[in-house]
Amino acid sequence: MQWAGLYNRGMNNAVPNVDLHCHSTVSDGVLSPADVAQRACANGVDVWALTDHDEVGGLAQAGATARELGMRFITGTEVSVTWAGQTVHIVGLGFDAADAALVAGLHKTRGGRAERARRMGERLADMGMPGAYEGALPFAGNPELVSRTHFARYLVQAGYCPDVQTVFNKYLGDDCPGHVPMQWASLADAVGWIVGAGGRAVIAHPGRYKYSALQFDALFDEFLQLGGVGIEVTTGSHTPDEARHYAQVARRYGFLASRGSDFHSPRESRADLGALPPLPDDLKPVWHDWF
Ligand code: AMP
Ligand code: MN
Ligand code: MN
Ligand code: MN
């Protein structure tokens, strides 16, 4: 974990430890929502959001546990979007998790995953790795949310690769032969669901997208026009150089800045919950008016 141990202040040091991006077994994390809450608290997180992919099903358990432990809980989700032929992740924060349009939109976004998982199994079989669909299913805690991560865990267990990162590098990354692309939600829909439910929309880990400079400008402009307000600056998915670059982008566009580990698993994640450096002082955090 390259970011581990860099940041461990709590409320009593005036700067709250805020982690607004992580996953549970409701999507592709390995810990239950309650166990993610426990780990966040043990790591000194004061303000915490669970952001499962295309799901809000873990938020009730996460919120109840967080409040028992004395953390501030923020509702969250990470919506899969297709924009200019690539997948972009939009984190929603602080919305009404019972909002009917949001719940229906996320349900629809999850809808194609079952068929895609079967096709991914076929692809991997053609590549000499049979039984991956059946093998991945037991790794999925939510039958509506079978993801590439579950396939990756199975392929490690079956001995095809030493770790999940290698599976993505060789077989399941966006440009790899085992990846079956999806048509996810539109950017307008994702931002609309989040904002319509009273939340804030944030572009997750912009450093991961392979857009040209012109495309990034177009993405940011369109996102702002749709009512999006933030980008992740400090995330386990960014290198320190990428974090510096996107801090500049936040200044240039007037984005609110977010911080989140993108924690999935103690063994796989680059950053543990609450363990990232703080945001640069001059940026306006997405939580600036929450407390
Ligand atoms: P899916 O939504 O099924 O396409 O799976 C996307 C998930 O796979 C992401 O949320 C990450 O957890 C994981 N993932 C995607 N690309 C990579 C990568 N290059 N390295 C490691 N994990 C990745
Ligand atoms: Mn994931
Ligand atoms: Mn993501
Ligand atoms: Mn994530």
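This is a predicted model: local features need pLDDT of at least 70, side-chain atom pairs count only at pLDDT 80 or more; totals for chains, interfaces and linings use all residues.
## Where the ligand sits

Domain 1 covers 18-110 + 183-260, and domain 2 covers 113-172. Both give residues to the shell around the ligand, so ligand 1 lies between them.

## The shell

Which residues surround ligand 1? They are Asp 28, His 53, His 89, Arg 113, Arg 116, Ser 147, Arg 148, Thr 149, Gln 165, Phe 168 and His 264. Sorted by class, six are polar, four are charged and one is nonpolar.

## Polar contacts

Now look at the oxygen atoms of the ligand. His 53 places a polar side-chain atom 2.8 Å from an oxygen atom of ligand 1. Arg 113 also reaches an oxygen atom of the ligand with a polar side-chain atom, at 2.9 Å. For Arg 148, an N or O atom of the side chain is 2.9 Å from an oxygen atom of ligand 1.

How much of the ligand's accessible area does the protein cover? On its own, ligand 1 has 500 Å² of accessible area, and the protein covers 83% of that.

Key:
Residues are numbered from 1 along each chain as its sequence is written. Chains are lettered from A and ligands numbered from 1 in the order in which they are written. Side-chain values use heavy atoms; hydrogens and water are left out. A residue is near a molecule or strand if one of its heavy atoms lies within 4 Å of it. A polar contact is a pair of N or O atoms within 3.5 Å; within protein, one must be able to donate a hydrogen and the other to accept it, and residues adjacent in sequence count only if both atoms are side-chain atoms. Accessible areas come from the Shrake-Rupley method with a 1.4 Å probe; for residues, only the protein chains shown count as cover. Ala, Val, Leu, Ile, Met, Phe, Trp, Tyr, Cys and Pro count as nonpolar, Asp, Glu, Lys and Arg as charged, and the others, Gly among them, as polar. Domain bounds come from an automatic or database domain assignment.
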